[in-house]
Amino acid sequence: MGTMAGKVALVTGAARGMGRAHAVKLASEGADIVALDVCAEFDATDYPGATPTDLAETVRLVQEQDGRILASQTDVRDPDAVTAAVANGVERFGRLDVVIANAGIIRVSDTDERARTFRDVVEVNLIGAWNTVDAAIPAMIAGGRGGSIVLVSSTQGIRAAGTERAGVQGYAASKRALVALMQVWADQLAEHSIRVNTIHPSGVATDMILNETTMKLSAAGDPWLSSQLNALPISLLQPEQIAGAVAWLVSDDAAFITGTSWPLDAGFTLRS
């Protein structure tokens, strides 16, 4: 019996990267998974979006852990679609215990569409997280068993680096705003034994970083990317490392932890 046996976890941005790692890790601990991902390209980003094939691979990997999963192509920017996906998950599995609001995008390169890029990043990272949690709260309260919500922020949500790039500005602003939402929800939901925390990874080896645009900027000595260095000699964290930490945070072993911002950053925030 794993630490999540009998529980149900909702994971957004689940088609690949950290979202997939969260889904697979929680399934390995016994959870049933409700997996959402838009599986589409974003005009505002400078790297390829996830695909239905990616989401199907997440399904396969969860099932390989003997886990049950309900996956759907759902855009977290659409509150009605998210509400429907949550309702479908509760109908299928009978409960909802954990929410990992992981879906997010960034643009690290320059763009002529500054206003659109800033807005698109904020809509996915911040409004999408609000839509996700707001849709999940009624089911979690109705269950009467408490629960755990994790908002996936970033080190940029703790210490943002100076840049004129609209995509990075939108990313930092949205990730910092998640901390405020976490604090509001942690206070609101404490009486229901529903815990809410943010995590703040530094660079993680996902498609958000490991793509042609970012690699070219890095090779050219881009000053913003060059500033994103960890204290430990670890250039990039692995999605599975983040998922392992989160699996503990949402488990009963961490039942006393709420309202916190947890740097998972190889010492990145030690740097001034």
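Residues are numbered from 1 along each chain as its sequence is written, and side-chain values use heavy atoms, with hydrogens and water left out. Because the model is predicted, local features need pLDDT of at least 70 and side-chain atom pairs count only at pLDDT 80 or more, while totals for chains, interfaces and linings use all residues.

**View 1. Strand E5 is mostly covered.** Strand E5 spans residues 147-152, and six of its six residues are buried, where buried means under 20% relative accessible area, exposed over 50% and partly exposed in between (1.4 Å probe, protein chains only). Helices (H or I, at least four residues) and strands (E, at least two) are DSSP runs, numbered from the N terminus. In a regular strand the side chains alternate between the two faces of the sheet. Here Gly147, Ile149 and Leu151 point one way from E5, whereas Ser148, Val150 and Val152 point the other way.

**View 2. Strand E5 pairs with E4 and with E6.** Two strands pair if DSSP finds at least two bridges between them. Strand E4 (residues 98-101) and E5 pair in the parallel sense over four bridges, and Ala101 stands opposite Leu151 in E5. E5 also pairs in the parallel sense with strand E6 (residues 194-201), over six bridges, and there Arg195 is the bridge partner of Ser148.

**View 3. Arg165 forms a salt bridge with Asp110.** A salt bridge is a side-chain nitrogen of Lys or Arg within 4 Å of a carboxyl oxygen of Asp or Glu, and in this pair the closest N and O atoms are 3.6 Å apart. Arg165 lies in the loop between E5 and H5 and Asp110 in the loop between E4 and H4, so the pair ties together parts that are 55 residues apart in sequence. Arg165 is buried, with a relative accessible area of 10%, whereas Asp110 is exposed, at 51%.
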